Amino acid sequence: MRANTAMKFRLHPDRMQAERLTSWSHTSRAVWNIALAQRIWAYRSAQRKAVRAVAQCAELTEARREHAWLRDLPAQCAQQVLQQLDAAYDNFWNPAHPARFPQFKKKSHRQKITFPGQAVRVHKVSRRMAQVKLPKIGWVRFRLSRPINGTVRNATVSRDGLGWHVTFGIHMPELEQPPVNTGMPIGVDVGIACSVFVSNEHHERQRPDTIVEDEQNRLRGLEQRKARQLTYAKKHNGGKYSNRLRKTIGQIAALKARQARRRADWNHKLTTDLTKNHGMIAVEDLKVRNMLRSAKGTIELPGANVAQKSGLNRRIADQGWHQIRRQLEYKTRRHGGVLVVVAAPGSSQTCNECGVRDPKSRHGCGRLFACTACGHTEHADRNAAHIILDRALCTAGWAGPAGSGSTRPQSTRSPQKGRGTLTGSRMREPTSSVTAT
Ligand SMILES: [Zn+2]
């Protein structure tokens, strides 16, 4: 029985508990770094040994006898860190997974402690509040913003710019077999000018700015203050951070955390709406990391228009495309639908009436698509959303809800060439071959 969903709540530790949690998070980080260094060292040694969590857990027990700071962190939490490191290695070796080699964690890394399910207990205090029992710390209150309908499999205590949180990994039996979603298939185009365009809608869905102007100004002021304080620290304190600098960093983190929260909120509402009402959702396979990487270029190949591109990068990062994609993935599964990922190239230059691909169809920088072959004009992102849907229908051979074959929209457009992958545990049998990308 594995956790198949997660729920995050605001945690309210008292001062003593917060101090201990902070200390534990740094110990967890130290365990990660030491274990990673040991693995790298063992692999580079003459024997080329691959060290796994089992061996390191035994050594951990030894080390806990010697060091009081290590002993203070509950043994289960340290063991969880080693298992996470195993998972990070597995992901790195898995060719289908995009993970890079596990990284060492800096002091400024997100504070986080993981507890296994058997180490924690959850108890409801009132309609709004509940408490979780953590080893050695005891009961810690958290705000029960929604009911927990399932079995708690693990708990992660973390901290961001706005405070402490607890995330429970939860097993919910009803998520295992949701009924098949019979909603109309749609294509979704994500962009910068228009946040999201859905193929069967006439207007884009525009996300409001995640940061208002006052906050923007304040953020700029804080960034300047941080830079000034950093220079001072380097010049007069040998690089040692002052309390004022720490405070500034905290204020910046709080603003950014609030911004991230607004973005996630909008994304969640969008993806819940789409996955509830549609049986198949098609999206482009955008390699967000590659798009972000290309700004500065490398030393051998310096990028062009660096400043312009880095401004664009900030806006790409602010869209949270990866977040939307990840949410669509698990929510389609949860609501009995299918997510189809199609290849991206040319989707914005191809006409959805006649299928001719021509970069000139996107004349100028406006949001208008004007086909050079057939004269068809449409909102460019709506056109792209249709192309994405077409590609998905071609590659997946999708035959309508439960294979009835009747509700597939009658498309007069010529089939597009494209490759795609199907995700989702309850995918229907594709009739044509599906190529993995
Ligand atoms: Zn055309």
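**Labels and their cut-offs**

Modeller: The chain holds 10 helices and 14 strands, where helices (H or I, at least four residues) and strands (E, at least two) are DSSP runs numbered from the N terminus. This is a predicted model, in which local features need pLDDT of at least 70, side-chain atom pairs count only at pLDDT 80 or more, and totals for chains, interfaces and linings use all residues. Residues are numbered from 1 along each chain as its sequence is written.

Biologist: Why are H1 and H4 called oblique to each other?

Modeller: Helix H1 (residues 15–44) and helix H4 (residues 75–93) pack at about 45°, with axes 9 Å apart. Axes are lines fitted to C-alpha atoms, for helices over the stretch in contact, and angles run from 0 to 180 degrees between N-to-C directions. Under 35 degrees counts as roughly parallel, over 145 as roughly antiparallel, 65 to 115 as roughly perpendicular and the rest as oblique. H1 and H4 are therefore oblique.

Biologist: Which residues make the contact of H1 with H4?

Modeller: H1 supplies Trp24, Ser28, Val31, Trp32, Ala35 and Leu36, and H4 supplies Cys77, Ala78, Val81, Leu82 and Leu85; contact requires C-beta atoms, placed from the backbone, within 7 Å.

Biologist: Which residues of H1 are buried?

Modeller: Among them are Trp24, Ser28, Val31, Trp32 and Ala35. Buried requires 20 or more other C-beta atoms, placed from the backbone, within 10 Å of the residue's own. Of the chain's 437 residues, 25% count as buried.

Biologist: How does the span of H1 compare with the expected one?

Modeller: H1 has 30 residues and reaches 44 Å from first C-alpha to last, close to the expected 44 Å; the expected span is 1.5 Å times one less than the number of residues.

Conventions: Contact = placed C-beta atoms within 7 Å. Buried ≥ 20, exposed ≤ 12 C-beta atoms within 10 Å, placed from the backbone.
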